[in-house]
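Here is a short note for a colleague who is opening this entry for the first time. Please keep the viewer open while reading.

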Amino acid sequence: MKTFCSVWLLLSLVELSPAPPVSQEPPLACTGAPGHAPQSETAEDMASTGDLEPTHYPARRAATVALHYLNTHHGSPFRVFGLQQVHKASAEDVAAGGRKYKLDFSVTDWASGSEGPALRCSADVLFPQTERHSGPEVQLRCEALQQINRTAQEEHAFYQRYISPDSAVSARDIPDSYGNVSEEMQPFWRLARVAASFIMLRESSERTEFNMAQVASVAQQGSSEEQLMLEFVVLLHDFPSQEIIQWKLLASWSPDRGVRVLQTEWQPRCPHATKPPN
Amino acid sequence: MKGLLVLTALFVAVFGKKTFEGDQVLRITPKDEAQISLLRELSEQEHLGLDFWREPVHESLPVDVHVPFHSLQGVRAFLGYHQIQYNVMIMDVQDLLDDEEREMVKYRSFPRSTDDFVYTNYHDLNSIYSFMDMLVAENSNLVSKIVIGQSYENRPLNVLKFSTGANRPGIWIDTGIHSREWVTQASGIWFSKKIVTDYGRDPVLTDILNNYDIFLEIVTNPDGFAYTHSRDRMWRKTRKPNSGSSCVGVDPNRNWDAGFGGAGSSSSPCTETYRGPSAHSEPEVKAIVDFVKSHGKIKAFVSIHSYSQMLLYPYGYTSTPAKDQAELHELARKAITSLQSLYNTRYTYGSIISTIYQASGGTIDWTYNQGIKYSYTFELRDTGRYGFILPANQIVPTAEETWLALMAIMEHTKNNPY
């Protein structure tokens, strides 16, 4: 048993370039409208207007959207923000349809130790009411963001290490089933989280609340225009529907240009497709 | 085959006590005979200390070579100069070995007592069931195991009963009803050890147990749990097939007869919140329903989930406030104040429907409607950073702080009999 597990574990770690999860001929009953989490049936529209309880879900969902926006703009391999607390929230209906939330909240940088200093932010989040889904619009102000440049050195070192032509990082399941992320993979996890934020932001509505559950795989592609090129497969978790939604994406990063997401592709995730054990 | 070679290297490493820090394994793809000759020449350079896992044989067959750190620059320069294509297959051999060592240690330890058991890691179903038997054997005057039913795949549904006398009212705690929420089963294990440790030592718990029985179902969804180990770490539901669909499983927290079928659950078997064909259709749920009804004197019921850091009370299926809302709200506040006192972990609290989302057919809505006033659901750590895959080093801190909240609820239950 032990030998088998050891051999198997080594084999699973020593993979060249992970294939995206196989989904050949998904059974007809495979779930998930492309790009959107299936909703629990007609959840009553509990969203209210006026002052909102900051710890309850309407405010929290809007704050999560603002958080994704923050990460798309300021995230890096050495900086990714998490929501710490919502202090105040209110919502109002908007003339053109839709609802606008005003939020006062704090975030922390997950990259700075166990609990870094909290950053205070305020945001307006507008969920438009349109026939086809269109992403929320966010205006965001956070204090002292510009002053955080302590990561410049780490970013530079990371960039130098992996920009070389023969670098070909590849890994699966970050974290693994037990929550482990190796030291080397931490920046890649953060990059995935930042890149995933583009998708999570775009896909958000008042009925969703996204987190990144796991990085299923990362595969470095050949660098292009001096950008690190990474292909990620990420698993997103939508809280209200409890669905796990899988996206493949191609992202670029450099210290100068930051994170850009070049391609995204929703991948059907059929629960009965066989998958290697973790 | 490659696996065996790697394994051999591993054993050599372990017994030879060499270090492989900074070493890499390169996968080289020679494209013609000339490149193969070059590689053969390279392999003859003894001072480089190269270890070919796969020899240069034929063009376009990959050549795997373990390159010691001191030779890396030279080898890569050689390959670059001759335009020989290669990939870095293993970035750092020592890292790999260290990981593997850790894995092996995990598998090596078969605890012989609950004092030996590793609470700071996640375990599989067999280990947890063995743990339960050990706990009972070591504390047979206090703990017994009841089998309240069978899962769909015929696994026993085991409940630990902590009791110091007959005919007592009871307090119920369950963990792992959603199988991917691993920190909950792990916490359940810790709670059970905590109870036997503290009985006779902690006056509050001792007093509780001298008046109430505690029932603890650690793996409430064993089929799902086995599946998270073998196939899909993100599996939530039961594993019962659904007729007319190729999708498997029912959400056991939408399957209870409380607002069953209403908004806040799904009618599609392929969704995570599928309510099932009828209320209590899942044997895992029915077993608890039958147990609670036949017991007749359960006075507090706590169902534990992750993640979100919340303590919730009924209702989930309706916005009509529970009759005892004020008391439940105040008790929740006290409980999470206790919880927070340990590691400053912030929890939110409130009714399910207002705090988290509308959910119909939920466990504690049913138990509350059965007359079990102190019905609560926990959502443990964290708030989304790791989510379901909470690092194992957070198991014990999570269990410790949650225990303080549970004690607050149990103590209040004991002090307010009804």
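The points below go through the basis of the note, then chain A, then chain B.

1. **Basis.** This is a predicted model, in which local features need pLDDT of at least 70, side-chain atom pairs count only at pLDDT 80 or more, and totals for chains, interfaces and linings use all residues. Residues are numbered from 1 along each chain as its sequence is written, chains are lettered from A and ligands numbered from 1 in the order in which they are written, and side-chain values use heavy atoms, with hydrogens and water left out.

2. **Chain A, overall.** Chain A holds 4 helices and 10 strands. Helices (H or I, at least four residues) and strands (E, at least two) are DSSP runs, numbered from the N terminus. Read from the N terminus, the order is α-β-α-β-β-β-β-α-β-α-β-β-β-β. The chain has 278 residues, and 53% of them are buried. Buried means under 20% relative accessible area, exposed over 50%, and partly exposed in between, with a 1.4 Å probe and protein chains only. Contacts (heavy atoms within 4.5 Å) also deserve a look. Of those in chain A with a separation of 6 or more, 60% come from residues 24 or more positions apart.

3. **Disulfides, the count.** A disulfide is a covalent bond between the sulfur atoms of two cysteines.

4. **The disulfide in chain A.** A:Cys121 pairs with A:Cys142, with the sulfur atoms 2.0 Å apart. This pair links distant parts of the chain. A:Cys121 sits in strand S4 (residues 118–127) of chain A, and A:Cys142 in strand S5 (residues 137–142) of chain A, 21 residues apart. Why is the disulfide of A:Cys121 and A:Cys142 right-handed? The torsion about its S-S bond is about 105 degrees, so it takes that hand. A:Cys121 is buried at 2% relative accessible area. A:Cys142 is buried too, at 15% relative accessibility.

5. **A cis bond in chain A.** The peptide bond joining A:Ile174 and A:Pro175 is cis, with omega about -5 degrees. A:Pro175 belongs to the loop between strand S6 (170–174) and helix H4 (186–203) of chain A.

6. **The disulfide in chain B.** B:Cys247 and B:Cys270 form a disulfide, and their sulfur atoms are 2.0 Å apart. The pair links distant parts of the chain, 23 residues apart. B:Cys247 is in the loop between helix H8 (222–230) and helix H9 (283–295) of chain B, and B:Cys270 is in the loop between H8 and H9 of chain B. The S-S torsion of B:Cys247 and B:Cys270 is about 90 degrees, so this disulfide is right-handed. B:Cys247 is buried at 1% relative accessibility. B:Cys270 is buried at 7%.

7. **B:Ser265.** Is B:Ser265 buried or exposed? B:Ser265 is buried, with a relative accessible area of 0%. Its place is in the loop between H8 and H9 of chain B. B:Ser265 and B:Thr363 are 98 residues apart in sequence, and 13 Å apart from C-alpha to C-alpha.

8. **The annotated domain.** UniProt, in an unreviewed entry, lists "domain: Peptidase M14" for residues 121–413 of chain B. UniProt positions are given in the numbering used here, feature names are shortened, and annotations may be inferred rather than shown by experiment. Over residues 121–413 the chain is 37% helix and 17% strand. The end C-alpha atoms of this stretch are 32 Å apart.

9. **Backbone points in chain B.** The bond from B:Arg381 to B:Asp382 is cis, with omega near -5 degrees. B:Asp382 is in the loop between strand S12 (374–380) and helix H13 (395–415) of chain B. B:Gln83 is not a glycine, yet its phi is positive, about 55 degrees. B:Gln83 lies in the loop between helix H3 (69–81) and strand S4 (85–90) of chain B, and is exposed at 62% relative accessibility. B:Asn154 has a positive phi near 70 degrees. B:Asn154 is in the loop between strand S5 (143–150) and strand S6 (156–162) of chain B, and is exposed at 56% relative accessibility.

Conventions. Disulfide = S-S within 2.5 Å.
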